[in-house]
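Subject: Handing over the two-chain model

Dear colleague,

I am passing this structure on to you, and below it I have set out what was found. Please read the notes with the model open beside them.

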Amino acid sequence: MEFAQKISATTEEIFATMIFLDLAVAEPLTQGKEDLGCHISAMIGLSGDFNALLGIHCPAEVGLAIGGAMLGMDLDEIDDDTKDALGEITNMLAGGLKEAFAAEGTNLLLAIPTTISGSSYKISAPSGSNRIIIPFDLEVGRFYIDLKYSLS
Amino acid sequence: MNHAEQIAEATREIFSSMIMLEVTAKEATKRTDPAFSNSISGMVGLAGTVRGNLSIHLPATVATAVTTAFLGMEVESIDDDVCDAIGELANMLAGAVKTAIDPSGSDIKLSMPSTVYGDTYSLDCLDCGISVQVPFDLDGTEFSVELQLAEN
């Protein structure tokens with residue numbers, strides 16, 4: 001299924017066409033429970049031929065830079081605009097993955113995005129699910145795209 | 001049945017049959033404060049012709065008590081067992097609410113559950129037209145179950 005390749009291609013396309021920030025993809029992490037030290041995340045559920053959860057996780061300054069670039073405005077705190085932007089990016093990423101899988105005859109349906117923000121939170125998925133985390137580097141810092149999935 | 005009644009019935013039924021705890025529904029509200037402190041939230045996406053999220057939010061002390069009753073083992077703080085139990089509980093609640101909303105079983109599919117926990121975190125829903133939260137009393141403590149649906 002080449003999850004990592006689909007995720008990085010979709011992310012690169014969205015950043016190039018919608019957000020206009022240069023980014024570099026780093027080596028995927030496959031370990032379960034990294035504490036990514038992030039302050040804003042957005043997640044969306046996917047269902048259909050397999051079950052999954054797609055998320056983006058950003059330290060505050062990276063989330064603000066991404067949201068600001070997408071909205072074309074300066075953001076200096078994590079507010080509703082930042083949350084909406086990150087939620088919308090997750091929605092677009094999930095839509096892109098859905099298309100990439102549909103091209104191979106694997107059908108997926110999307111739920112709706114939720115944003116998570118705060119000074120200290122952790123996110124976990126059922127033990128036993130697969131997880132792939134891809135770090136991306138922007139000038140301002142690193143963010144992560146995270147896909148947890150179960151192929152049952 | 002409206003959504004609040006569907007949530008109340010599903011929650012009572014699952015707590016009584018799976019966890020052997022009696023819970024009482026209080027008056028439904030719409031959550032206006034996105035912030036949670038020292039809590040855990042289990043969430044499942046609903047995808048398909050109806051899109052949304054079903055969540056359960058519990059203060060940490062209530063979550064450990066519920067997990068202890070659910071798994072039949074003593075837990076004292078939020079650990080992997082609690083995350084798995086609360087994620088599974090969200091999954092069962094989402095399954096029951098899905099059956100109430102979509103008796104044919106063909107319109108909605110559930111995504112993978114996830115849990116978010118921490119000292120302070122906020123959860124915001126993007127694109128939520130409908131949002132119903134039902135608080136429950138459990139032996140003098142409180143938790144809530146929330147259904148968010150996109151308007152389309």
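Of the 152 residues of chain B, 46% count as buried, a residue being buried if 20 or more other C-beta atoms, placed from the backbone, lie within 10 Å of its own, exposed if 12 or fewer do, and partly exposed in between. In chain A, buried residues likewise make up 46% of the 152 residues.

Please bear in mind that this is a predicted model, in which local features need pLDDT of at least 70 and side-chain atom pairs count only at pLDDT 80 or more, while totals for chains, interfaces and linings use all residues. Residues are numbered from 1 along each chain as its sequence is written, and chains are lettered from A and ligands numbered from 1 in the order in which they are written.

As to confidence, the predictor gives the complex an ipTM of 0.91 and a pTM of 0.94. For chain B the mean pLDDT (the predictor's confidence in each residue, from 0 to 100) is 94, and 99% of the residues reach 70 or more. Among the elements of chain B, the lowest mean pLDDT, 94, belongs to S5(B), and the highest, 98, to strand S3, residues 52–59.

Chain B has 3 helices and 7 strands, where helices (H or I, at least four residues) and strands (E, at least two) are DSSP runs numbered from the N terminus. Along the sequence of chain B they follow the pattern α-β-β-β-α-α-β-β-β-β. The radius of gyration of chain B, taken over C-alpha atoms, is 14 Å, close to the 15 Å that the globule rule (2.2 Å times the number of residues to the power 0.38) gives for 152 residues, so chain B is as compact as a globular protein of that length. Its C-alpha atoms fill a box of roughly 45 × 30 × 30 Å along the principal axes.

Chain A also has 3 helices and 7 strands, and its pattern reads α-β-β-β-α-α-β-β-β-β. A compact globule with 152 residues would have a radius of gyration near 15 Å, and the 14 Å of chain A agrees with this. The C-alpha trace of chain A spans about 40 × 30 × 30 Å along its principal axes.

Turning to where the chains meet, 36 residues of chain A are in contact with 34 residues of chain B, two residues being in contact if their C-beta atoms, placed from the backbone, lie within 7 Å. On the side of chain A that touches chain B, S5(A) gives the most, with 11 residues. The residues of that side divide into 16 nonpolar (Ala, Val, Leu, Ile, Met, Phe, Trp, Tyr, Cys and Pro), 5 charged (Asp, Glu, Lys and Arg) and 15 polar (the others, Gly among them).

Leaving aside residues up to four places away in sequence, Ile86(B) touches Ile40(B), Gly42(B), Ile56(B), Leu58(B), Ala63(B) and Thr115(B).

With best wishes
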